[in-house]
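Please read the points below with the sequence and the 3D view open beside you, and check each one against the display before moving on to the next.

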Amino acid sequence: MKMMQKQWHLCCKIAITLFIIGEVQSLQNRVFNEFKTQTITSSTLFYDYFKKGPEKKEIGRLWKNIIFPGIYYEYADTKETLKTVKVETKTGTRVRNDVETIQKQNRKVGTYNVVDESTVPKIVDMKLIQEKVLKPVKKPANFVAPTPKKATTINLGTGISVLPDINKYPRPKKPIILYEYEASPDCKRVREACSMLDLTVEYRPCPGATSGFSDSMATLTLGRREVPFMVDNNPSMYRPQLFGADDILAFLFRTYGPGEAAIPASLKARGRAVAGPRVRANARPDFAKMRPLTLYGWEGAPFVKPVREALNELSLPHVMVHCAPGSQNRAALQAKKGLFQAPFLSDPNTGVEMFESAEIVKYLLATYTL
């Protein structure tokens, strides 16, 4: 009995399969015959299907146009522009030419006719035009780096220092990338943590989370524009991309510090979201193409803040070498320049290196504005 049931099921499956194959072939023949009786002069993409020789197109494109009409209009080997469609059927000749009517309708609603190339509006991207006519970045004429003045107290009002024995924890070989902006309280919490952990971070300003590097971040994150957003390219296998101050702080202290339990209470307090300013109207539009500037300083340093604000308003990427009290980066800067003083700016785009907060701000505005 079971053997008969199996044979019966097998016969049913074979019959159903043959029926489906027959129906598909019949449908293909009907569609192919109907399509072949039409003379479509919209492009070589259509009427070359039935020609022999090297001009014959792939038959697969024919089915794409039948199944998805209006999607597969042009290909790389089809340079001829689309024209008015004229169709002849078996029952008689019917010429359809609605271009003039469509044009009149589209003029009213502000759109354009897709089959008439002359009606396509010319979209002008002013940013691209500005980038083409922009002169290369160079330092201001007659620029001379100011002589650094002796700072009275470089630690005044910061309240931030490097955690004890920070060098015994892993150190990132590449700068951590952080999308942020100056006025955001949550971004400030992350910057303070980077100062405490003595990390080197590349900041990519997104003023108001809607301008600057915000577009790059949205592309990277499939449309999200939330800051702070961190990318760490240092781990060999797992390269985290984290949103939000809480998750970023937990990761940083767990990976480059004494652990999540050591996060200070001051970094756990959440602030109210602040929109902040957008990129300056006269900032160079090619900021994303600039090589990141290098800034020595730390979060909370009173003379570093104006420089950070200027970099934020100009949306200039910059590598922050944090050098809060207790940082080993202080000795590195002193060995390089003969003294330690913050802020210190190094601009690889112009070759300028300079101290003095107010002078750095003047230099940035003179160099990176139109």
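1. Overall picture and confidence. This is a predicted model, and the mean pLDDT of the protein chain is 77, with 64% of its residues reaching 70 or more. Over residues 36-57 the pLDDT is below 50, although this stretch has 50 contacts in the model beyond near neighbours in sequence. Over residues 102-110 the pLDDT is also below 50, and here the model has seven contacts beyond near neighbours in sequence. Where pLDDT is low, the predicted coordinates should not be read in detail.

2. Composition of the chain. The protein chain holds 12 helices and 10 strands, and of its 370 residues 39% count as buried. When contacts with a separation of 6 or more are considered, residues 24 or more positions apart account for 68% of them.

3. The two sides of helix H12. In H12, which spans residues 357-367, the buried residues include Ser-357, Ile-360, Val-361, Tyr-363, Leu-364 and Thr-367. These residues lie on the same side of H12 because they cover an arc of only 160 degrees around the axis. On the other side of H12, Ala-358 and Lys-362 are exposed. Among the elements that cover the buried residues of H12 are strand E7 (293-297), helix H10 (305-313), strand E9 (344-347) and strand E10 (352-355).

4. How H10 meets H12. The axes of H10 and H12 are 8 Å apart, and the two helices pack at an angle of about 10 degrees, which means that H10 is roughly parallel to H12. On the H10 side, Pro-306, Val-307, Ala-310 and Leu-311 take part, and they meet Ser-357, Ile-360, Val-361 and Leu-364 of H12. Sorted by class, this contact of H10 with H12 has seven nonpolar residues, one polar residue and no charged residues.

5. Within H10, Val-307, Arg-308, Ala-310, Leu-311 and Asn-312 are buried, and the cover over the buried residues of H10 includes strand E3 (176-180), H6, E4, E7, strand E8 (318-322) and H12. Just after H10 comes Ser-315, which is found in the loop between H10 and E8. Ser-315 has a positive phi of about 55 degrees although it is not a glycine, and at 0% relative accessibility it counts as buried.

6. By class, the contact of H6 with H8 has eight nonpolar, no polar and three charged residues.

7. The C-alpha atoms of Leu-199 and Lys-173 are separated by 10.0 Å, while the two residues are 26 residues apart along the chain.

8. Met-217 is found in helix H7 (residues 214-220) and counts as buried, at 0% relative accessibility. Not counting residues up to four places away in sequence, Met-217 touches Tyr-179, Arg-224, Arg-225, Glu-226, Val-227 and Phe-229. In the loop between H7 and E5 is Leu-222, whose phi is near 60 degrees, a positive value in a residue other than glycine; Leu-222 is exposed, with a relative accessible area of 81%.

9. Peptide bonds to check. Most residues other than glycine have a negative phi, and most peptide bonds are trans. A cis peptide bond joins Val-227 and Pro-228, with omega about 0 degrees, and Pro-228 lies in the loop between H7 and strand E5 (229-231). Another cis peptide bond joins Ala-342 and Pro-343, with omega about 5 degrees, and Pro-343 is placed in the loop between helix H11 (329-337) and E9.

Note on methods:
Residues are numbered from 1 along each chain as its sequence is written. This is a predicted model: local features need pLDDT of at least 70, side-chain atom pairs count only at pLDDT 80 or more; totals for chains, interfaces and linings use all residues. Side-chain values use heavy atoms; hydrogens and water are left out. pLDDT is the predictor's confidence in each residue, from 0 to 100. Contact means heavy atoms within 4.5 Å. Buried means under 20% relative accessible area, exposed over 50%, partly exposed in between (1.4 Å probe, protein chains only). Helices (H or I, at least four residues) and strands (E, at least two) are DSSP runs, numbered from the N terminus. The arc is that of the directions from the helix axis to the C-beta atoms. Axes are lines fitted to C-alpha atoms, for helices over the stretch in contact, and angles run from 0 to 180 degrees between N-to-C directions. Angles under 35 degrees count as roughly parallel, over 145 as roughly antiparallel, 65 to 115 as roughly perpendicular and the rest as oblique. Ala, Val, Leu, Ile, Met, Phe, Trp, Tyr, Cys and Pro count as nonpolar, Asp, Glu, Lys and Arg as charged, and the others, Gly among them, as polar.
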